[in-house]
Amino acid sequence: MWTSEMTLMMWVGVKETLIMTLLSTIFGYLLGLPMGIALAVTDADGIRPNAVVYKILDVIANIVRSIPFLILLMLLMPVTRVIVGKSYGTAATVVPLTIAAAPFIGRMIESSINEVDRGVIEAAQSMGASTMTIIIRVMLVEARTSILVGVTIALGTILGYSAMAGIVGGGGLGDIAMRYGYYRYEADIMIVAVVLLVVLVQIFQTLGMRMSVKLDRRKR
């Protein structure tokens, strides 16, 4: 029978999942945005080609992205313990989530910037704009719709990663689904946790797409 304690547990799980997802996305963009910009700028077709810098960032991004999240989560436990003071719980899960998200976000930023019309960039260069000005006022502005769509994708991906962290006591809905739904064979709890995860993804998706449509100049 469903009880008020279960409802409270689910509510706490939702809050922990949102905290993990939103904080990891913010920190992921703090790391991934500069990486993505650097990848786009130093590419062979970028405004400041640099094969060495591009190759280093490319290798880092590919290595981190190729490691399954659960394995990365376990590999980073010592690092997480140093930063947070423990290797389990909501706060601790933010560390591996951020590291896993940063290269993924970097690749999306690189892709978004590469979609910017080269003519606009060349026009800015012909007017003597500096590299930083072109990046901030041309590339990021022109790519903002695609970047916002990328934020929506990143939120959904990180939310899925946060659910997997429940296997090692990461907190949130994933932890509830594992501890009660899987280990204790309480199917109703697992179903509710999964439904709530799906609802959260749909909310992020809907809000992100609506905002991207509003910012898309081509649809004005």
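# Notebook: helices, salt bridges and a cavity

**I147 first.** I looked up what I147 touches and got Y29, I109, S112 and L140, not counting residues up to four places away in sequence. Contact here means heavy atoms within 4.5 Å. I147 is found in helix α8, residues 144-164. Helices (H or I, at least four residues) and strands (E, at least two) are DSSP runs, numbered from the N terminus. I147 counts as buried because its relative accessible area is 15%. My cut-offs: buried is under 20% relative accessible area, exposed is over 50%, and partly exposed is in between, with a 1.4 Å probe and protein chains only. I also checked I147 against M190: they are 43 residues apart in sequence and 34 Å apart in space, C-alpha to C-alpha.

**Ground rules.** This is a predicted model, with residues numbered from 1 along each chain as its sequence is written. Local features need pLDDT of at least 70 and side-chain atom pairs count only at pLDDT 80 or more, while totals for chains, interfaces and linings use all residues; side-chain values use heavy atoms, with hydrogens and water left out.

**The whole chain.** I counted the secondary structure next: 10 helices and zero strands. Read along the sequence, the pattern is α-α-α-α-α-α-α-α-α-α. The C-alpha atoms fill a box of roughly 70 × 45 × 25 Å, taken along the principal axes. Of the 220 residues, 42% count as buried. I then took contacts between residues at least 6 apart in sequence, and 74% of them join residues at least 24 apart. The accessible surface comes to about 11900 Å², and 68% of that belongs to carbon and sulfur atoms. These areas come from the Shrake-Rupley method with a 1.4 Å probe; for residues, only the protein chains shown count as cover.

**Salt bridges.** How many salt bridges does the structure hold? I get three. The test is a side-chain nitrogen of Lys or Arg within 4 Å of a carboxyl oxygen of Asp or Glu.

I started with R107 and D58, where the closest N and O atoms are 2.2 Å apart. This pair links distant parts of the chain: R107 sits in helix α5 (residues 90-114) and D58 in helix α2 (residues 51-66), 49 residues apart. Both R107 and D58 are buried. For D58 I have the number: it counts as buried because its relative accessibility is 14%. Leaving aside neighbours within four places in sequence, D58 is in contact with L39 and R107.

R107 turned up again with E110, their side chains meeting in a salt bridge at 2.9 Å, N to O. E110 and R107 are three residues apart in helix α5, so about one helical turn separates them. E110 is buried, as is R107.

The other pair I noted is D175 and R179, at 3.0 Å, N to O. Both lie in helix α9 (residues 172-182), four residues apart, about one turn of the helix. Buried or partly exposed? D175 counts as buried because its relative accessibility is 9%, whereas R179 is partly exposed, with a relative accessible area of 36%. I also checked for shared partners: D58, R107 and E110 are joined into one network by their salt bridges.

**Nonpolar patch.** On the surface I found I19, L23, I26, F27 and L30 forming a nonpolar patch, with about 460 Å² of accessible area together. Patch rules: residues have over 30% relative accessible area and no salt bridge, like charges are joined within 9 Å, and nonpolar side chains (Val, Leu, Ile, Met, Phe, Trp, Tyr) within 5 Å. L23 counts as partly exposed because its relative accessibility is 34%.

**Cavity.** I found one cavity of 30 Å³ or more. On a 1 Å grid over the protein atoms alone, a cavity is a set of points where a 1.4 Å probe fits but cannot get out, and lining residues have an atom within 4 Å of a point. The largest cavity has a volume of about 50 Å³, a volume being the space filled by probe spheres set on the points, which are joined across faces, edges and corners. Its lining is L73, M77, T80, S87, Y88, A92, T93, P96, A165, V168 and G170. The elements that give two or more residues to this lining are α4 (77-84) and α5. Which element gives the most to the lining of the largest cavity? That is α5, with three residues.

Conventions
On a 1 Å grid over the protein atoms alone, a cavity is a set of points where a 1.4 Å probe fits but cannot get out, and a pocket is an open set with protein on both sides within 12 Å along at least five of seven lines; lining residues have an atom within 4 Å of a point.
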